[in-house]
Amino acid sequence: MTVFDNESTPMVTPSEVIEHVYCPRFTYYMNCLNIPQHEGLRYKVLKGRTLHEKRETANRDYLRKKLGCTDKDISVYLTSRNIGVRGMIDEVLYLSDNTLAPLDYKYAEYTDYTFETHRVQSTLYALLIMENYQKPVHKGFICYAKSENRIKEIVYTEKDFCYAKGAVREVFDVILRGYYPERTQWQNRCIDCCYRNICV
Ligand code: SF4
């Protein structure tokens, strides 16, 4: 049975989780100190919105054929009290082998390397779909809009599921305990970070 979000259950979004994966201090600055991110990031958000509006007509039949999908649900809002996540999934695809798969549109360029953040987000969508649809999810897809909608397939492993759930637990841990987390180990992320002036 689907458990609906009753608004009082504490939940985080996949976006909050990927910001945490990028640097755990983002969680602290945004959620514990309420310091919003730079306005510049709005650009990406707005671009993302436009992309959401266009994608539904642009890709419908093309993707269905290419990915072997028999049907799909568009813009699906799902929640899970088990893992404490709520989010809107661009598309839930029904595959011909009777499994489901999330499809996520990114306003980004395709690279051979799959960013950890993209992978975690897709994995969280997979967990949400499995719980709410009660069907297996073995793989997901990311569509890169800046590379002519090139598609990347992600095959999930048990390690992915554990990692994604662990990342959610970490976000809650920082928010609930209010402690100052370690900085990211990737120093190049600090160069153009909006928090660099207050981050010690
Ligand atoms: S300056 Fe570096 S450590 Fe601090 S929040 Fe930004 S990315 Fe994280």
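Modeller: Welcome! A helix here is a DSSP run of H or I with at least four residues, a strand is a DSSP run of E with at least two, and both are numbered from the N terminus. The model above is predicted, so local features need pLDDT of at least 70 and side-chain atom pairs count only at pLDDT 80 or more, while totals for chains, interfaces and linings use all residues. Residues are numbered from 1 along each chain as its sequence is written, and side-chain values use heavy atoms, with hydrogens and water left out.

Biologist: Let's start with the whole chain. Which pattern does the protein chain follow, read along the sequence?

Modeller: The protein chain has 6 helices and 5 strands. Going along the sequence, they come in the order α-α-α-α-β-β-β-α-β-β-α.

Biologist: What percentage of the contacts in the protein chain with a separation of 6 or more comes from residues 24 or more positions apart?

Modeller: Contact means heavy atoms within 4.5 Å. Among contacts with a separation of 6 or more, the share from residues 24 or more positions apart is 68%.

Biologist: And what percentage of the 200 residues of the protein chain counts as buried?

Modeller: Buried means under 20% relative accessible area, exposed means over 50%, and partly exposed is in between, using a 1.4 Å probe and protein chains only. For the 200 residues of the protein chain, the buried share is 44%.

Biologist: Now helix 6. How many Å does it reach from its first C-alpha to its last?

Modeller: Helix 6 covers residues 158–177, which is 20 residues. The expected span is 1.5 Å times one less than the number of residues. That gives an expected 28 Å for helix 6, and the reach in the model is close to it, at 28 Å.

Biologist: What covers the buried residues of helix 6?

Modeller: The buried residues of helix 6 include F161, A164, V168 and F172. You can look at their spacing with one rule in mind: an α-helix has 3.6 residues a turn, so residues three or four places apart point the same way. The cover over the buried residues of helix 6 includes helix 1 (14–22), helix 2 (24–32), strand 2 (85–95), helix 5 and strand 5 (150–155).

Biologist: D160 is in helix 6. Is D160 buried or exposed?

Modeller: Leaving aside neighbours within four places in sequence, D160 is in contact with R119, T123 and V155. Because its relative accessibility is 12%, D160 counts as buried.

Biologist: Which residues of helix 5 does helix 1 meet?

Modeller: The axes of helix 1 and helix 5 are 9 Å apart, at an angle of about 145°; axes are lines fitted to C-alpha atoms, for helices over the stretch in contact, and angles run from 0 to 180 degrees between N-to-C directions. From helix 1, the residues taking part are P14, S15, V17, I18, V21 and Y22. Their partners in helix 5 are E116, T117, V120, Q121, L124 and Y125.

Biologist: Why does T117 count as buried?

Modeller: T117 lies in helix 5, which spans residues 116–133. Not counting residues up to four places away in sequence, T117 touches I18, V21 and Y22. T117 counts as buried because its relative accessibility is 16%.

Biologist: Which residues are around the ligand?

Modeller: A residue belongs here if one of its heavy atoms lies within 4 Å of the molecule. The residues around the ligand are C23, R25, Y29, R183, T184, R189, C190, C193, R196 and C199.

Biologist: Helix 2 next. What do the buried residues of helix 2 pack against?

Modeller: In helix 2, P24, R25, F26, T27, Y28 and Y29 are buried. Just after helix 2, N34 takes a positive phi of about 55°. As for the packing, the buried residues of helix 2 lie against helix 1 and helix 6.

Biologist: Let's finish in the loops. What is phi of Q134 near?

Modeller: Most residues other than glycine have a negative phi, and most peptide bonds are trans. Q134 sits in the loop between helix 5 and strand 4 (139–144), and Q134 is exposed, with a relative accessible area of 60%. Its phi is positive, in a residue other than glycine, and near 55°.

Biologist: And where is N149 found?

Modeller: N149 is not a glycine, yet it has a positive phi of about 60°. N149 is found in the loop between strand 4 and strand 5.
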